[in-house]
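Keep the sequence and the 3D view open while reading.

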Amino acid sequence: MTLPAQSRLIVVMGVSGSGKSTIGEQLADRLEIPFIDADNLHPRTNVEKMRGGTPLQDSDRWPWLEIVADAMRNTADTNGRVVCACSALRKSYRDCLRDRAQEPIVFVLLHGEKAIIAERQANRPGHFMPAALLDSQFATLEPFEDDENGITIDVALSIEDIVEKAVLALS
């Protein structure tokens, strides 16, 4: 898939525990642009639901996705480009981000075997997303469609290799 050159908005996406924040931060560092972690933009009610083991409903997600899109666009307006870590599991969620931002977004999907991601999730103390919701995350994940700008990178690779693949794809 050909990605738009120098897209202003880059979303590192995937299920909980796939490495979105880690890869997003390092990718932003490599590209020398700001990083936003969409988890930090969740309303308290969303965080409490997830912490309690309740998957979010779309009615919980739409306002949050609009906040995320606004934050990305505003950051890119100020700094030129931005990397954001955001689950964006369904096409409709990715469409919401694009529609609200009113410009193309390149998505970097961190994808891999459930066992690898579950192990990483188990070694991540203090995160509000319990491992029990991993199955629902995989069930929700929708592959890219032809009208989306996205690449998929295997999470079994090293962090450095994942970041390098993303940098090359975005260059």
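A residue is called buried here when its relative accessible area is under 20%, exposed when it is over 50%, and partly exposed in between. The model is a predicted one.

With that cut-off, helix α2, residues 44-51, can be sorted into two sides. Its buried residues are Asn46, Val47 and Met50. They lie on the same side of α2, because the arc they cover around the axis is only 100°. In general, an α-helix has 3.6 residues a turn, so residues three or four places apart point the same way. Arg44 and Thr45 are exposed, on the other side of α2. Helix α3, residues 58-79, is included in what covers the buried residues of α2. Just after α2 comes Gly53, which takes a positive phi of about 90°.

Next, the sheet. Five strands form an open sheet in the order β2-β3-β1-β4-β5, and their pairing is parallel. Strands β2 (35-37) and β5 (149-154) stand at the edges with a single partner strand each, so one side of each has no neighbour in the sheet. On average, neighbouring strands of this sheet are turned by 20° against each other, direction ignored. Strand β4, residues 105-111, runs parallel to β5 and is joined to it by six bridges. Across this pair, Leu110 stands opposite Ile153 in β5.

Two helices can now be placed against the sheet. Helix α7, residues 159-170, packs on the sheet and touches β1, β4 and β5. The direction of α7 makes about 160° with that of β5. Helix α1, residues 20-31, lies across β1 (9-13), β2, β3 (82-85) and β4, and runs at about 150° to β1.

How do α1 and α7 meet, and at roughly what angle do their axes cross? The axes come within 10 Å and cross at roughly 55°. That angle makes α1 oblique to α7. The crossing in which α1 passes α7 is right-handed. On the α1 side the contact is made by Thr22, Ile23, Gln26, Leu27, Arg30 and Leu31. The α7 side contributes Ile159, Ile162, Val163, Glu164, Ala166, Val167 and Leu170.

Some single residues remain. Neighbours within four places in sequence left aside, Arg98 is in contact with Lys91, Glu103, Ile105, Phe107 and Glu148.

Asn79 lies in helix α3 and counts as partly exposed, because its relative accessibility is 45%. Between Asn79 and Ile33 there are 46 residues of separation in sequence, while their C-alpha atoms are 7.2 Å apart in space.

The last two residues are a matter of backbone angle. Most residues other than glycine have a negative phi. Glu32 is not a glycine, yet has a positive phi of about 55°. Glu32 sits in the loop between α1 and β2 and is exposed, with a relative accessible area of 73%. Gln102, also not a glycine, has a positive phi of about 60°. Gln102 is found in the loop between α4 and β4, and its relative accessibility of 69% counts as exposed.

Conventions:
Residues are numbered from 1 along each chain as its sequence is written. This is a predicted model: local features need pLDDT of at least 70, side-chain atom pairs count only at pLDDT 80 or more; totals for chains, interfaces and linings use all residues. Side-chain values use heavy atoms; hydrogens and water are left out. Two strands pair if DSSP finds at least two bridges between them. Helices (H or I, at least four residues) and strands (E, at least two) are DSSP runs, numbered from the N terminus. Axes are lines fitted to C-alpha atoms, for helices over the stretch in contact, and angles run from 0 to 180 degrees between N-to-C directions. Contact means heavy atoms within 4.5 Å. Buried means under 20% relative accessible area, exposed over 50%, partly exposed in between (1.4 Å probe, protein chains only). The arc is that of the directions from the helix axis to the C-beta atoms. Angles under 35 degrees count as roughly parallel, over 145 as roughly antiparallel, 65 to 115 as roughly perpendicular and the rest as oblique. A crossing is left-handed if the near helix is turned anticlockwise from the far one by less than a right angle, and right-handed if clockwise.
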